[in-house]
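Subject: Structure handover

Hello,

Here is the structure I promised you. Please open it first, then read my notes below.

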Amino acid sequence: MKLQAVELRRIAMPLVRPFRTSFGVQTSRDVLLVHVVSDESEGWGECVALAAPVYSSEYVDGTHSVLRDYLVPRLLAQPDVTARSVAPTLADVLGHRMAKAALETAVLDAELRAHGMSFGTYIGAVRTEVECGVSVGIAESVDLLLEEVGEYVEAGYRRIKLKIEPGWDIDPVRAVRETFGADLPLQVDANTAYDASTSPRLEALDEFGLLLIEQPFAEDDLHQHAVLARRIRTSICLDESIVSARAAADAVRLGACSIINVKAGRMGGYLESVRVHDVCDALGVPVWCGGMLETGIGRAANVALAALPNFRLPGDTSASDRYYAEDITEPFVLQDGMLPVPTSPGMGVEPRLDLLESLTQSIETLRP
Ligand code: NPG
């Protein structure tokens with residue numbers, strides 16, 4: 001495929017409710033969409049970087065700049081581009097995985113559309129629908145948390161994930177367990193908010209029968225994760241620390257985790273995410289699909305990824321209405337706690353162009 005143009009479009013997407021984590025509150029997303037036009041087809045990718053560098057070092061203005069100045073020009077200079085050629089072509093630019101992932105995904109979407117093949121078929125999806133969980137932010141009170149969890153349980157979500165931080169951990173987890181019972185699949189996510197001094201609070205969560213504790217410590221602190229993993233029965237899951245298949249294998253071998261959250265943006269793309277899936281499968285470590293508040297464009301690919309065999313826990317692949325009053329694709333609607341895996345060519349969704357226009361803040365078009 002020869003690329004003829006790459007469009008970088010910024011859209012503003014208000015969230016239906018504020019989402020508070022240990023690193024801040026989000027009330028809307030500033031989404032960077034990558035749209036590639038080739039001589040054969042077109043494709044879309046969504047960049048998951050946040051507005052500020054508080055979850056990872058990447059942030060949306062930075063991804064925009066590195067795409068415009070370094071990544072897109074490298075691809076536009078190639079006589080023939082395939083999704084598999086993207087990472088090697090961009091390899092001399094270090095890091096910037098979220099930016100690279102968005103570009104690779106757009107190329108992959110275009111390539112699969114040109115071949116009439118769905119992404120699920122391409123990667124070997126083994127399910128037609130996937131089990132969905134939901135991530136619940138830090139609430140203003142335990143009562144409000146219980147209300148929100150109740151709504152999601154009622155909606156049919158198959159697993160609840162509570163965001164935690166030191167001081168918002170033992171009490172909310174106990175309250176959710178007491179209210180919804182021991183059978184509710186429940187897990188927690190700390191987004192690196194703990195350290196050795198607050199670690200005893202995590203040990204105190206061991207009695208609540210959680211599926212896992214996600215990323216309690218700093219992303220570069222595998223040792224502290226391995227120490228906690230040896231002390232408690234609850235599984236440790238890593239998110240922020242795992243940026244590649246190699247990092248996944250190393251973390252497992254060091255005993256730092258026994259479950260991994262896969263997010264394509266963090267790994268530099270879906271192709272590396274499949275390799276993470278494969279290496280974890282070989283090591284006997286289950287994975288699940290994380291989320292970054294994606295619109296329908298990013299969600300479609302996540303749902304297909306979650307249909308690989310070693311995605312053995314429900315993902316943060318919630319329905320569109322968990323995030324947005326109006327999605328920019330046909331909405332993903334929960335059916336009995338599941339979402340259907342898209343089957344149309346490419347990522348399997350079409351952006352609603354009229355709506356996209358009305359949400360657009362800027363467009364930059366780059367050509368060879
Ligand atoms: O449902 O998409 C979703 C959100 C799931 O909690 C979620 N994501 O740390 O995993 C996370 C968290 C997150 C959201 C991280 C936005 C960064 C940005």
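Start with Arg20. Arg20 makes a salt bridge with Glu165, with the closest N and O atoms 3.2 Å apart. (A salt bridge here is a side-chain nitrogen of Lys or Arg within 4 Å of a carboxyl oxygen of Asp or Glu.)

Some ground rules. This is a predicted model, so local features need pLDDT of at least 70 and side-chain atom pairs count only at pLDDT 80 or more, while totals for chains, interfaces and linings use all residues. Residues are numbered from 1 along each chain as its sequence is written, and side-chain values use heavy atoms, with hydrogens and water left out.

**The two domains**

The protein chain is assigned domain 1 (3–116 + 352–366) and domain 2 (120–340). These bounds come from an automatic or database domain assignment. The C-alpha centres of the two lie 23 Å apart.

**The interface**

In domain 1, 34 residues are in contact with 45 residues of domain 2 (contact means heavy atoms within 4.5 Å). The buried area between them is about 3400 Å², and carbon and sulfur atoms give 62% of that. (Buried area is the accessible area, 1.4 Å probe, that two parts lose on being put together, summed over both.) Arg17, Arg20 and Tyr55 supply 20% of the area that domain 1 buries against domain 2, more than any other three residues.

The count of salt bridges between the domains is 4.

Helices (H or I, at least four residues) and strands (E, at least two) are DSSP runs, numbered from the N terminus. Two strands pair if DSSP finds at least two bridges between them.

S1 and S2 run antiparallel, joined by 14 bridges. Arg9 stands opposite Leu33 in S2. The hairpin from S1 to S2 passes through 2 residues. S2 and S3 are also antiparallel, with 6 bridges. Val34 has Gly45 in S3 as its bridge partner. The hairpin from S2 to S3 has 3 residues.

**The parallel sheet**

Which strands make up the open sheet, and in what order? There are 7, in the order S5-S6-S7-S8-S9-S10-S11, with parallel pairing. Strand S5 (133–136) and strand S11 (287–289) stand at the edges with a single partner strand each, so one side of each has no neighbour in the sheet. Inside the sheet, S6 (residues 159–163) and S7 (residues 186–189) pair over 4 bridges. There, Leu162 has Val188 of S7 as its bridge partner.

Best wishes
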